[in-house]
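Open the model in a viewer and keep the sequence panel beside it. The stops below are given in the order in which to select them.

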Amino acid sequence: MADYNYKQIEKKWQKEWADKKVFKSEIDKTGKKEKYYCLEMLPYPSGALHMGHVRNYSIGDVLSRYHKMNGKNVLHPMGWDAFGLPAENAAIKNKIHPAKWTKQNIAVMREQLKSLGIFYDWDREIASCDPQYYKWNQWFFIKMWEKGLVFRKTANVNWCPTCQTVLANEQVSEGVCWRCKNPTEHRDLEQWFIKITDYSDDLLKGHKQLSGGHWPEQVLSMQKNWIGKSFGAQVNFKIKDFDKDLLVFTTRPDTLFGAAFMVIAPEHKIINELKDKIVNWAEVSKYIVEAGAKSNIERSQSKDKTGVELKGIKAINPVNKKEIPIFIADYVLTDYGTGAIMAVPAHDQRDWDFAKKFGIPIIEVIKGGNSDIDHKAFEEEGIMVNSEQFNGLKSNEALQIVIKWIEEKGLGKKTINYKFRDWLISRQRYWGTPIPMLHCPKCGIVPVDIKDLPVKLPEDVEFTGEGESPLKTHKDFAHTKCPKCGADAKRETDTMDTFVDSSWYFIRYCDAHNDKEPFDIETVNYWMPANQYIGGIEHACMHLIYARFWHKFLRDIGMLKSDEPFTNLLTQGMVTLGGCAMSKSRGNVVSPDEIIDKYGADTARLFILFAAPPQKQLEWSTEGVEGCWRFVNRIWRLQDLINVKSEISATQKDKNEILRIAHQTIKKVSSDIEQKLQFNTAVSAIMELVNALYAYKFHSNDGGISKEIYKTVILLTAPFTPHLCEEIWHNLGNKSFVSCESFPTFDDGKIKEDTIEIPVQINGKVRGRVIINADASEEEAREIIDSDEKVQKNLEGKKIIKFIYVKNKIATLVVK
């Protein structure tokens with residue numbers, strides 16, 4: 001047999017699969033096949049795949065091939081998250097249109113995916129920058145507008161003067177833009193929002209359906225905290241000598257008597273109203289500017305609590321009428337609650353730290369057995385003290401009692417609060433979906449007529465990197481006619497957040513080329529929800545929430561039947577080199593092209609699946625790659641070995657043993673792929689079976705058992721190394737594609753071992769091992785143990801007090 005020529009063989013089978021459309025997906029109208037929709041998160045066409053991509057897509061490919069071989073109707077599509085800031089920045093830097101840059105990158109990455117042999121139905125390929133895709137973004141936007149879910153308001157936002165666009169909180173670090181690394185600022189701008197908060201409870205309710213192992217509990221917990229539903233009270237704190245109240249939300253109304261000061265966000269509107277009464281206004285205004293340079297994430301996560309007292313201003317604690325100071329501090333945000341908090345330093349560590357720093361008295365109102373407020377805040381449950389008529393109540397029981405009293409006194413009301421905020425989707429850039437709205441001087445804000453969609457991006461634009469979006473200065477784009485009254489109107493020049501594109505792409509895959517509607521409802525309801533979704537955990541609180549919201553909205557307008565888009569979620573770990581995530585800036589990137597050229601796609605796939613469990617971080621190892629290359633060749637060379645003439649015939653015991661190992665392997669590989677998603681242990685089991693075949697001495701003299709087990713090896717390995725297995729499968733005389741064959745099934749009767757080895761303990765220590773028949777009785781086991789020389793030597797001069805036998809597991813002797 002010639003050496004394994006992976007370069008020739010891999011190209012051969014990639015062409016065969018494409019020409020014969022082996023992976024084309026269609027609805028099974030007979031209803032005999034169970035559907036299986038497998039999906040990896042939509043990739044951004046950055047220009048080249050990295051090994052993290054290879055891991056992601058190889059996982060999806062194994063699952064898709066496995067389920068296809070198990071008789072399911074598999075859908076495994078691919079597309080491109082093609083809008084976004086990097087393409088526009090590349091246009092500015094390289095003087096190339098974003099569309100051209102994006103399409104060039106897509107072409108490169110598409111070929112890379114094909115070179116890996118990934119099972120995709122390429123007929124369903126989409127790109128979000130295609131007008132026939134973003135037309136439906138605009139259609140959905142108008143539907144949400146009609147349902148009252150889209151609105152426009154002034155908002156305080158992170159603004160990058162260099163990139164000339166709004167940034168999400170997550171895109172600002174230490175006061176600088178994540179993309180250009182220049183300082184950001186805060187601005188009040190008119191922005192478009194989607195009222196995702198209307199779905200807060202629906203999103204939380206859906207976690208029940210996704211729990212129990214379907215989604216990682218860590219993701220569900222992250223989403224729950226992101227939505228941040230909490231129960232408490234809204235309380236009114238009056239400002240002394242000023243006809244305004246400060247409203248606060250608290251989850252601990254039982255601690256109101258301990259409120260020793262108040263803190264408000266630097267952006268709170270009441271500050272300007274109090275400006276003339278604030279004695280130290282210069283100090284306060286300076287702090288406001290400094291706070292404005294920080295992102296909300298930095299402000300909320302900073303351990304060093306800073307602040308400035310509003311001197312000359314006092315608040316009145318509504319429950320005991322005591323005057324308390326008011327501070328501004330950047331750790332309080334306008335995005336949560338009311339932008340003002342009551343601070344109870346005795347029972348909140350953050351407030352305790354702040355009070356100690358600024359010399360504020362600390363009043364204990366909850367007493368516990370281990371409370372010591374001189375050294376730290378007491379945050380546990382306890383007994384109320386220094387709380388007038390509520391003294392002696394258990395704090396957890398007092399919550400509702402205090403809230404009822406507050407409501408009776410007109411001091412506040414019971415409230416449910418959320419950290420979750422409406423989705424700001426405006427972007428002041430060119431390369432995104434144009435927002436399909438018009439500004440008419442007579443009719444106000446008006447949606448584009450549905451028949452005029454898509455609102456296309458003009459191609460003749462100039463990218464300078466300076467000033468506003470080129471859409472604002474384009475000679476034709478911004479000027480149009482109102483569809484209601486016919487008057488001159490201005491087109492909206494903001495584009496949509498690219499998370500809109502990725503919030504429903506998985507639905508479009510089901511009916512990718514429908515030009516009459518976003519999708520055919522019957523077709524989509526056949527495929528949705530996706531059975532398996534694969535991607536990084538970093539998307540837990542943005543993409544995965546937005547996609548779930550979008551799905552639920554489509555359900556509510558009658559376009560979908562299912563409540564959730566993804567039944568199962570796998571969050572794969574990073575691929576690292578030298579302990580760090582691969583990055584061009586670190587110079588530790590390994591190119592898939594280099595590995596494919598040197599070892600072949602199957603070796604690259606095998607290593608990335610074998611080196612670690614998919615949920616864990618994977619450290620790149622050249623030695624590990626070479627080990628997988630050697631294993632690929634061991635499978636290849638078995639073609640020669642099974643035809644080697646044996647001088648002796650296999651006994652029934654020999655045949656039973658190799659069959660036992662084979663069926664044991666089938667059972668483990670099936671379980672590891674389908675139930676546990678543990679591809680590394682599945683590969684390890686196949687390696688053990690290959691080793692057993694090499695050790696087996698009767699390949700041509702056992703009635704064909706050896707050759708059948710070799711076929712089993714090829715079928716088991718096909719999802720992992722498809723090119724290798726297709727070639728061997730055909731070399732063995734088969735005409736069909738191995739990818740279309742049935743996955744092996746196991747027989748439990750053949751897995752059972754004839755004999756087993758069990759340990760023998762004497763007074764708790766293992767003193768020997770004996771071979772017994774599987775399922776041997778206690779009497780049979782005792783007889784063998786009594787005749788074992790090593791065991792008997794350890795029993796010399798001792799009396800057996802007790803003999804305990806755990807069937808097929810262990811024998812224990814108690815002696816004296």
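The tour goes from cysteines to salt bridges, then to a pocket and a sheet.

This is a predicted model, in which local features need pLDDT of at least 70 and side-chain atom pairs count only at pLDDT 80 or more, while totals for chains, interfaces and linings use all residues. Residues are numbered from 1 along each chain as its sequence is written, and side-chain values use heavy atoms, with hydrogens and water left out.

**Cysteines**

Searching the whole structure for disulfides (pairs of cysteine sulfur atoms within 2.5 Å) gives 0. Select C160, which is in no disulfide; its nearest cysteine sulfur belongs to C180, 3.5 Å away. C160 has a relative accessible area of 0% and is buried. Here buried means under 20% relative accessible area, exposed over 50%, and partly exposed in between, with a 1.4 Å probe and protein chains only. Next select C129: at 11% relative accessibility, C129 also counts as buried.

**Salt bridges**

A salt bridge is a side-chain nitrogen of Lys or Arg within 4 Å of a carboxyl oxygen of Asp or Glu. The structure holds 40 of these salt bridges.

Select D597 and K7, whose side chains meet in a salt bridge at 3.2 Å, N to O. D597 is in helix 18 (residues 592–599) and K7 in helix 1 (residues 6–19), so this pair ties together parts 590 residues apart in sequence. Helices (H or I, at least four residues) and strands (E, at least two) are DSSP runs, numbered from the N terminus. D597 is partly exposed at 46% relative accessibility, and K7 is partly exposed at 44%.

Move to R124 and D121, a salt bridge with its closest N and O atoms 3.1 Å apart. Are these residues buried or exposed? R124 is buried, with a relative accessible area of 11%, and D121 is buried at 3%.

Then select E564 and K552, where the closest N and O atoms of the salt bridge are 2.9 Å apart. K552 belongs to helix 17 (543–556) and E564 to the loop between that helix and strand 27 (566–571), so the pair ties together parts 12 residues apart in sequence. Both E564 and K552 are buried.

A pocket is found on a 1 Å grid over the protein atoms alone, as an open set of points where a 1.4 Å probe fits, with protein on both sides within 12 Å along at least five of seven lines; lining residues have an atom within 4 Å of a point. The second largest pocket has a volume of about 640 Å³. Of its 24 lining residues, select Q14, K15, K114, S115 and G117, the closest to its centre. Helix 1, helix 4 (98–115) and helix 18 each supply at least two lining residues. Helix 1 gives the most, with 8 residues.

Finish at an open sheet of 4 strands, in the order 6-5-9-19 with antiparallel pairing; two strands pair if DSSP finds at least two bridges between them. Its edges are strand 6 (165–167) and strand 19 (423–424), each of which pairs on one side only. Strand 9 (residues 185–194) pairs with strand 19 in the antiparallel sense over 2 bridges. Select F193 to see L424 of strand 19 opposite.

Conventions
Grid points are joined across faces, edges and corners, and a volume is the space filled by probe spheres set on the points.
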